[in-house]
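Colleague: I'm new to reading protein models. Could you walk me through this one?

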Amino acid sequence: MLNLNCAICTELFSPSDEVYVTKCGHMFHFKCLGQWLERSKTCPQCRNKCPEHSIIRVYFNLANLDTSRVDIGSLQEQLDNAKLKIKMKETELKTANDQIKSLNDIKKKCMKTITGLDLKLQNKDFVISSYAEQLKMLKSRIKVMEDVSKENKALKNQIEAMEGINTLLTASSDEAEKLLKSNNDIKTLATWVATLKRELRICEHKKSDMRNLLKVVQTDLHKQTETKKTHEERITQLESENYQLQEKA
């Protein structure tokens with residue numbers, strides 16, 4: 001490597017490069033100088049006039065070069081390459097840091113979104129729980145209403161049965177027979193019969209109770225009569241004794 005560089009691209013010359021020199025003595029890569037002369041017919045370094053026919057190619061004789069200078073040039077190239085790599089790495093590092101910062105911002109936004117979604121989910125869970133509780137209460141109320149409806153229906157049937165029984169109890173035999181024939185509902189007839197039997201048993205119990213009560217009353221009346229008779233006899237005796245005492249007096 002040569003310890004010389006092109007003033008246009010600032011790269012060091014190598015033995016394989018096509019190097020040209022202007023009439024003012026400045027060296028450039030042929031490609032770099034050609035592109036420059038297409039825009040301006042002056043020397044890129046000193047700005048003196050430089051027509052294309054005045055440039056001359058330079059050939060380097062490597063055998064006459066100082067070894068120490070070649071080593072310095074090589075080291076300079078390595079240093080430049082290292083600086084370039086460092087600069088590229090710094091650029092990559094800056095890009096990576098920017099990407100990390102951008103990703104962190106995206107992460108923060110995502111976390112904020114997740115937090116908001118969690119709150120919405122909690123609110124939805126609360127609403128669902130509230131609706132479930134209300135639904136449970138409604139089902140309970142519906143069941144109560146169904147039970148009340150069944151009870152009302154049963155009471156209505158009982159009232160109708162009692163009205164029919166009351167009619168049977170107060171009607172004459174002909175009217176009762178006519179009522180029984182007009183009603184074809186076996187369940188109602190069975191209810192009437194069961195109720196009449198129950199009423200009959202109740203009446204028999206009441207009749208028995210009345211008989212027992214009558215016996216008790218008769219017994220008490222007999223005792224009261226005997227007591228009255230005893231008292232009357234005693235009164236008669238006392239009156240007789242009183243009369244005798246008056247006679248003696």
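Colleague: What pLDDT does the chain average?

Modeller: pLDDT is the predictor's confidence in each residue, from 0 to 100. The chain averages 83, and 91% of the residues score at least 70. Over residues 64–70, though, the pLDDT is below 50, and beyond near neighbours in sequence this stretch has 4 contacts in the model. Contact means heavy atoms within 4.5 Å. Where pLDDT is low, the predicted coordinates should not be read in detail.

Colleague: Into which domains is the chain divided?

Modeller: Domain bounds come from an automatic or database domain assignment. Here we get domain 1 (1–61) and domain 2 (201–241). Their centres, taken over C-alpha atoms, are 163 Å apart.

Colleague: And where does UniProt place the "coiled-coil region" feature?

Modeller: UniProt positions use the numbering used here, feature names are shortened, and annotations may be inferred rather than shown by experiment. The unreviewed UniProt entry puts that feature at residues 65–106 and 221–248. In the model, residues 221–248 are 100% helix and 0% strand, with 40 Å between the end C-alpha atoms. Helices (H or I, at least four residues) and strands (E, at least two) are DSSP runs, numbered from the N terminus. The unreviewed entry also lists "domain: RING-type" at residues 6–47. That stretch is 24% helix and 14% strand, and its end C-alpha atoms are 15 Å apart.

Colleague: Which residues make up the largest nonpolar core?

Modeller: In soluble globular proteins, nonpolar side chains tend to be buried together. A nonpolar core is a set of buried Ala, Val, Leu, Ile, Met, Phe, Trp, Tyr and Cys residues joined through side-chain atoms within 4.5 Å. Buried means under 20% relative accessible area, exposed over 50%, partly exposed in between (1.4 Å probe, protein chains only). The largest core here has 12 residues in all, including Phe-13, Tyr-20, Phe-28 and Trp-36. β1 and α1 (30–39) each supply at least two residues of this core, and α1 gives the most, with 4 residues.

Colleague: Which residues of α1 are buried?

Modeller: An α-helix has 3.6 residues a turn, so residues three or four places apart point the same way. In α1 the buried ones are Cys-32, Leu-33, Trp-36 and Leu-37. They sit on the same side of α1 because they cover an arc of only 125° around the axis; the arc is that of the directions from the helix axis to the C-beta atoms. The face turned away from that buried side carries the exposed residues Lys-31 and Glu-38. What covers the buried residues of α1 includes β1 and β2.

Colleague: Is Thr-22 buried or exposed?

Modeller: Thr-22 is buried, at a relative accessible area of 4%. You'll find Thr-22 in the loop between β1 (19–21) and β2 (27–29). Leaving out residues up to four places away in sequence, Thr-22 touches Phe-28, Leu-33, Cys-43, Cys-50 and Ile-55.

Colleague: What about the phi of Thr-10?

Modeller: Phi of Thr-10 is near 65°, a positive value in a residue other than glycine. Thr-10 is in the segment before β1 and is exposed, with a relative accessible area of 54%.

Definitions and conventions: Residues are numbered from 1 along each chain as its sequence is written. This is a predicted model: local features need pLDDT of at least 70, side-chain atom pairs count only at pLDDT 80 or more; totals for chains, interfaces and linings use all residues. Side-chain values use heavy atoms; hydrogens and water are left out.
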